[in-house]
Amino acid sequence: MQLSPPQPVSTSQFCVIGDVTIHPHAKIAPGVILQAAPQSKIVIGASACIGIGAVIQAFEGTITVESNAVLGAGVLVLGKATIGVNACIGDCTTIINTDIVTQQVIPEGSLMGDASRSTIDESEEGSHLNDALPSNPVNPAWPSPPPMPTPAPASSPQRQSQVIGRAYVTQMLQVLFARNSPP
């Protein structure tokens with residue numbers, strides 16, 4: 001039995017809306033949605049590979065997927081971002097307004113966002129946490145907890161992005177697929 005040669009993916013198998021530029025050598029799986037809002041655009045580089053069911057939605061800027069970058073199945077990219085050369089994004093990862101540097105690998109189910117935004121108001125940080133701790137511990141032989149690490153300052157735009165929540169994305173996708181699965 002002889003296999004037929006691979007056929008190029010036609011644009012009828014994925015959805016393109018708005019100002020979207022796709023290099024002829026890019027590979028885009030069926031079910032992908034590429035949507036650029038007005039005054040925004042999406043650029044897909046040479047030999048980039050976008051997995052089945054991925055959604056890339058640009059608004060207020062440009063999303064660039066550079067050459068040889070791989071986005072796994074079900075990846076969601078929102079806002080404005082650059083996915084660097086040879087970067088690899090695991091399945092079911094969400095990227096919101098953040099850049100992925102060249103050759104960075106992001107684990108599946110990750111949530112990537114702007115690390116400069118804090119979820120805790122810095123003026124209140126730690127003030128209410130110590131109120132719940134007893135002044136005299138039950139067992140003084142217990143070791144004291146290690147100090148909280150302080151985030152590194154953003155020194156350059158080429159710093160690596162950090163995963164800010166993997167379990168939340170996994171749980172969200174399980175709920176979503178449970179609702180949409182046939183009975």
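I started with Lys-41 and looked up its bridge partner in S7, which turned out to be Thr-62. For my own terms: strands here are DSSP runs of E with at least two residues, numbered from the N terminus, and two strands count as paired if DSSP finds at least two bridges between them.

A note on the source: this is a predicted model, where local features need pLDDT of at least 70, side-chain atom pairs count only at pLDDT 80 or more, and totals for chains, interfaces and linings use all residues. Residues are numbered from 1 along each chain as its sequence is written, and side-chain values use heavy atoms, with hydrogens and water left out.

Next I stayed with S7 and asked what else pairs with it. Strand S4 (residues 33–36) is joined to S7 (residues 55–65) by 4 bridges, and the two run parallel. There I found Ile-33 standing opposite Val-55. Strand S9 (residues 76–83) also pairs with S7 in the parallel sense, over 7 bridges. Val-65 has Ile-83 in S9 as its bridge partner.

Then I turned to another sheet. Which order do its strands take? I read it as S3-S6-S8-S10-S12, an open sheet of 5 strands with parallel pairing. Its edge strands are S3 (27–28) and S12 (105–106), each pairing on one side only.

Last, I checked one pair inside that order. Strand S6 (residues 49–50) and strand S8 (residues 70–71) run parallel and are joined by 2 bridges. Ile-50 has Leu-71 in S8 as its bridge partner.
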